[in-house]
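Thank you all for making time this morning. I would like to walk you through one structure, going slowly, for those who have not seen it before.

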Amino acid sequence: MEHFRFRGTMCLLMLVVAASACDGGGDDSRAESATIQAQERSGVRIGGPAPDFQLRNLDGQPVALSSYQGRVVMLNFWATWCGPCRIEMPAMEQLYREFPRRDFEILAVSTDAQGPSVTRPFRDELSLTFPILHDSDFRIGLMYGTRTLPMTFLVNRRGIITHRIFGARDWYSPEAKQLIQTLIRTP
């Protein structure tokens with residue numbers, strides 16, 4: 001697995017999403033280990049199929065992961081209150097504009113309990129154009145074993161999870177763009 005990370009803050013997602021808060025630092029390896037164990041119990045594994053789901057977008061329309069079969073999908077779990085999530089979003093937008101929709105899609109899955117009332121102003125403030133989906137009850141986050149925010153899964157054209165990435169990244173870095181390009185080139 002390729003690693004490129006921001007050092008520092010990682011948001012820890014508690015069992016009760018509403019009681020969650022960003023952790024100001026600490027040992028990321030414990031959170032990563034707990035998350036990996038939870039994902040393995042839930043059946044989500046690197047090299048395994050990405051579980052399909054359907055969530056509503058900002059317009060209230062249902063969006064299914066399976067409708068993006070044949071494209072590389074960046075599945076990013078985040079929240080507006082998570083500082084590292086806010087940091088990585090502009091680079092995600094740059095990456096989104098770099099690659100054509102026929103090859104690449106970002107699905108930003110918000111865990112905000114308030115839904116569009118907080119994500120719409122956030123999207124507008126940052127001029128984000130990629131789809132924002134709402135997992136207000138954290139049903140899909142739990143299905144994927146997500147215990148930290150942000151957490152990103154990369155899904156290849158065949159619907160297989162190729163990467164599980166903990167914490168914020170500079171998604172417009174040369175390494176990140178090369179990773180996405182490699183996944184796009186792989187049938």
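**A walk through the fold**

Let me begin with Val 44, which sits in the loop between helix 1, residues 28-42, and strand 3, residues 54-57. Its relative accessible area is 1%, so Val 44 counts as buried. If you look across from there you will find Gly 145, which is 101 residues away from Val 44 in sequence, although the two C-alpha atoms are 7.2 Å apart in space. Please keep in mind throughout that this is a predicted model.

Now the overall picture. The protein chain has five helices and 10 strands, and buried residues make up 51% of its 187 residues. If we take the contacts between residues at least 6 apart in sequence, 73% of them join residues at least 24 apart.

That brings me to the interior. In soluble globular proteins, nonpolar side chains tend to be buried together. Here the largest nonpolar core has 49 residues, and those with the most contacts inside it are Phe 104 and Tyr 144. Several elements give two or more residues to this core, and they are strand 5 (72-78), helix 2 (83-98), strand 6 (104-110), strand 7 (132-134), strand 9 (151-155), strand 10 (161-166) and helix 5 (174-185).

Which residues is Phe 104 in contact with, leaving aside its neighbours within four places in sequence? They are Arg 71, Val 72, Met 74, Leu 95, Tyr 96, Phe 99, Ile 180 and Ile 184.

Two of those names, Ile 180 and Ile 184, take us to helix 5, where they are buried together with Ala 176, Leu 179 and Leu 183. Viewed down the axis of helix 5, the buried residues fall within an arc of 135°, and therefore they line one face of the helix. An α-helix has 3.6 residues a turn, so residues three or four places apart point the same way. On the other side of helix 5, Pro 174 and Arg 185 are exposed. The cover over the buried residues of helix 5 includes strand 5, helix 2, strand 6, strand 9 and strand 10. As for its geometry, helix 5 has 12 residues and reaches 16 Å from its first C-alpha to its last, close to the 16 Å expected at 1.5 Å a residue.

Strand 9 and strand 10 pair in the antiparallel sense over five bridges, and Val 155 stands opposite Ile 161 in strand 10. Is strand 10 mostly covered or mostly open? Strand 10 is mostly covered, since five of its six residues are buried. The hairpin that these two strands make has five residues between the strands, and there Gly 159 takes a positive phi near 85°.

Next, the aromatic residues, of which the structure holds seven pairs. The rings of Tyr 96 and Phe 130 have their centres 5.8 Å apart and their planes at 80°, so this pair is edge-to-face. The pair links distant parts of the chain, with Tyr 96 in helix 2 and Phe 130 in the loop between helix 3 (116-126) and strand 7, 34 residues apart. Tyr 96 counts as buried at 7% relative accessibility, and Phe 130 counts as buried at 2%. Phe 99 and Phe 104 form another edge-to-face pair, 5.7 Å centre to centre with 65° between the planes, and both of these residues are buried. There is also one aromatic cluster, formed by Phe 53, Phe 77, Tyr 144 and Phe 153.

I will finish with some backbone details. Most residues other than glycine have a negative phi, and most peptide bonds are trans. With that in mind, where is the cis peptide bond that runs from Leu 149 to Pro 150? Pro 150 has its place in the loop between strand 8 (148-149) and strand 9, and the omega of that bond is near -10°.

Ser 127, in the loop between helix 3 and strand 7, has a positive phi near 55°, and with a relative accessible area of 47% Ser 127 is partly exposed. Phe 138, in the loop between strand 7 and helix 4 (139-143), also has a positive phi, near 60°, but its relative accessible area is 3%, so Phe 138 is buried.

Methods
Residues numbered from 1 in each chain as written. Predicted model: local features only at pLDDT ≥ 70, side-chain atom pairs only at ≥ 80, totals over all residues. Heavy atoms only, no water. Core = buried A, V, L, I, M, F, W, Y, C linked by side-chain atoms within 4.5 Å. Buried < 20%, exposed > 50% of the residue type's maximum accessible area, 1.4 Å probe, protein only. Helix = DSSP H or I, 4+ residues; strand = E, 2+ residues; numbered from the N terminus. Contact = heavy atoms within 4.5 Å. Pairing = 2+ DSSP bridges. Expected span 1.5 Å × (residues − 1). Arc of directions from axis to C-beta. Phe/Tyr/Trp six-rings, centres within 6.5 Å; stacked < 30°, edge-to-face > 60°.
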